[in-house]
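Please look through the sequence and the structure shown below before reading on.

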Amino acid sequence: MELDERKVTILKAIIKNYMETGEPVGSRTISKYVNSKWSSATIRNEMSDLEEMGYIVQPHTSAGRIPSDKGYRFYVNQILQEKDNEVTEIKELMVQRVGRLELVLKALAKSLASNTNYAAMISGPQYHRNKLKFIQLSKVEAGGLLIVTVVEGNIIKNTMVAMEEEISDEELLNLNILLNTNLNGLTIEEINLGVISRLKEQAGTHRQVVDLALNEVAAAIKADEDDFQIYTSGATNIFKYPELSDSQKARELLSTLEHTETLQELVNEAGGGESETGIQVYIGDESPVQAMKDCSVVTASYELGEGLKGTIGIIGPKRMDYEKVLKTLRTLMTQLDATFKKEER
C-alpha cells in the first residue's frame with residue numbers, strides 16, 4: 001500500500017516535530033503543525049494507518065507516536081529524491097590552503113560537528129584501486145638490486161633487495177621493458193595468475209627477479225592502503241540527546257569514535273555501497289557498526305582527483321535533522337571539489 005499525499009504530509013509532520021522535541025507526537029499537535037482543515041479524528045485515523053503500515057510506533061500507552069526506522073527511511077528517501085534542494089551556506093568551513101591536508105580535514109571535522117551539533121568524522125584520502133605507473137630495476141652494487149615502484153598518485157617506493165643470480169645490463173634492460181610493457185596501468189587485482197605466469201615464462205632464467213618486482217608492486221600499494229587516517233570531532237555532542245546519553249550506549253559510542261579500526265569498517269561500507277549522489281544514509285540497524293545501531297549515520301564521499309578519495313560522516317540520533325545534514329554534506333563536497341581543483345590550476 002502506497003502512501004497518499006495526506007499520509008505523507010502527516011508522516012513528515014510527525015518526524016519533524018519529533019526531531020525538534022524528542023517527545024511522542026499526538027494528533028492535536030499534528031493538527032496545529034500541518035495547519036490544515038483536517039480534523040483531529042481524521043489525523044488519528046491516518047496515524048493509525050501509518051502505525052499499521054510500520055512507519056510510526058507508539059512507545060508508551062500515551063496517544064503519542066514516534067517514527068520507526070521505516071518511517072525515517074521514507075523521510076530520507078524523500079529528501080534525497082528532491083531535485084531542486086537549495087544548498088545552504090555553511091558558516092566558515094575553513095577550506096583554505098593551510099599547508100597540510102591533515103589540518104584542513106581536522107578543521108572540517110570540527111566545523112561539521114559545530115554546524116550540525118552531531119559527531120563528525122572525516123577519513124584521510126586514499127588511492128582506491130591503485131594502478132602501477134612505472135617500475136625500474138637498477139643494479140647498485142654486487143648482489144644488490146634497487147627496485148623503484150611508482151603507483152597512481154605518484155607514490156614512490158624504493159626498495160633494496162639481495163639478488164642471488166648474476167644479471168647483465170642488457171638482461172636488466174630487457175626485464176625493465178618486459179615488466180613495464182605488461183604491468184603499467186594495471187591494478188593489483190588485475191595482476192592475476194595468468195599475467196604472472198606469462199611474465200615468468202618470458203623472463204626465462206630470471207624468474208626470481210620477476211618475483212621480487214611483483215612483491216614490491218604489491219607492497220607499494222598495500223603501504224598506501226594501510227596508511228589510514230581518520231579525524232573526528234564533536235563526540236560529546238551525543239550527550240545532548242537523551243536517547244543516546246545512557247551511560248552504556250554513550251560509552252560504547254565514544255569508544256567507537258576513538259578507534260580507527262572500527263571507523264574504517266564504516267568507511268569501507270560507505271565506499272562499497274556508494275549511491276549515485278555520493279551520499280549514504282544508515283538508520284538504526286542499517287548501520288554496519290554495532291555501537292551505532294541506535295543512531296543514524298550519514299556519509300558522503302569526496303574526491304581530490306586521480307582516484308584520491310575519502311569519506312565524510314555525521315553520527316547523531318535517529319531524529320537528526322536529515323535535511324540540514326544532507327545539505328551540509330552536499331555543500332562540503334562541492335566546496336572541497338572546487339577548492340582542490342582551484343589549487344591544481
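Threonine 331 is found in helix α11, which covers residues 322–344, in what is a predicted model. With a relative accessible area of 4%, threonine 331 is buried, because buried means under 20% relative accessible area. A polar atom of the threonine 331 side chain lies 2.9 Å from the backbone oxygen of lysine 327.

The side chain of asparagine 182 has a polar atom that lies 2.8 Å from the backbone oxygen of leucine 178. When residues up to four places away in sequence are not counted, asparagine 182 touches Arg198, Leu199 and Gln202.

Helix α9 has 12 residues, which at 1.5 Å a residue should span 16 Å, and the C-alpha atoms at its ends are 17 Å apart, which agrees. Which residues of α9 are buried? They are Ala250, Leu253, Thr256 and Leu257. Seen down the axis of α9, these buried residues fall within an arc of 130°, so they line one face of the helix. An α-helix has 3.6 residues a turn, so residues three or four places apart point the same way. On the face of α9 that is turned away from its buried side are the exposed residues Ser247, Arg251 and Glu258.

Searching the whole structure gives 4 aromatic pairs. In one of them, tyrosine 55 and phenylalanine 74 have ring centres 5.8 Å apart and planes at 75°, so the pair is edge-to-face. Because tyrosine 55 lies in the loop between α3 (40–52) and β1 (56–57), while phenylalanine 74 lies in helix α4 (residues 69–81), the pair ties together parts that are 19 residues apart in sequence. Both tyrosine 55 and phenylalanine 74 are buried.

The rings of tyrosine 118 and tyrosine 241 also form a pair, with centres 5.6 Å apart and planes at 40°, so this pair is tilted. It links distant parts of the chain, 123 residues apart, since tyrosine 118 sits in the loop between α5 (101–116) and β3 (119–123) and tyrosine 241 in the loop between β8 (230–233) and α9 (247–258). Tyrosine 118 and tyrosine 241 are both buried. Elsewhere, ring pairs join Tyr72, Tyr75 and Tyr322 into a cluster.

Charged side chains meet aromatic rings as well. Lysine 70 lies over the face of tyrosine 55, at 4.6 Å from the ring centre, and tyrosine 55 is the residue whose ring pairs with that of phenylalanine 74. Arginine 6 lies over the face of tryptophan 38, and here the value is 5.7 Å from the ring centre.

It remains to take in the whole chain. There are 11 helices and 11 strands in the chain, and 48% of its 345 residues count as buried. Among the contacts in the chain with a separation of 6 or more, 60% are accounted for by residues 24 or more positions apart.

Note on methods
Residues are numbered from 1 along each chain as its sequence is written. This is a predicted model: local features need pLDDT of at least 70, side-chain atom pairs count only at pLDDT 80 or more; totals for chains, interfaces and linings use all residues. Side-chain values use heavy atoms; hydrogens and water are left out. Rings of Phe, Tyr and Trp (its six-membered ring) pair if their centres lie within 6.5 Å; planes under 30 degrees apart count as stacked, over 60 as edge-to-face and the rest as tilted. Helices (H or I, at least four residues) and strands (E, at least two) are DSSP runs, numbered from the N terminus. Buried means under 20% relative accessible area, exposed over 50%, partly exposed in between (1.4 Å probe, protein chains only). A charge sits over a ring if NZ of Lys or CZ of Arg is within 6 Å of the ring centre and within 35 degrees of the ring normal. The expected span of a helix is 1.5 Å times one less than its number of residues. The arc is that of the directions from the helix axis to the C-beta atoms. A polar contact is a pair of N or O atoms within 3.5 Å; within protein, one must be able to donate a hydrogen and the other to accept it, and residues adjacent in sequence count only if both atoms are side-chain atoms. Contact means heavy atoms within 4.5 Å.
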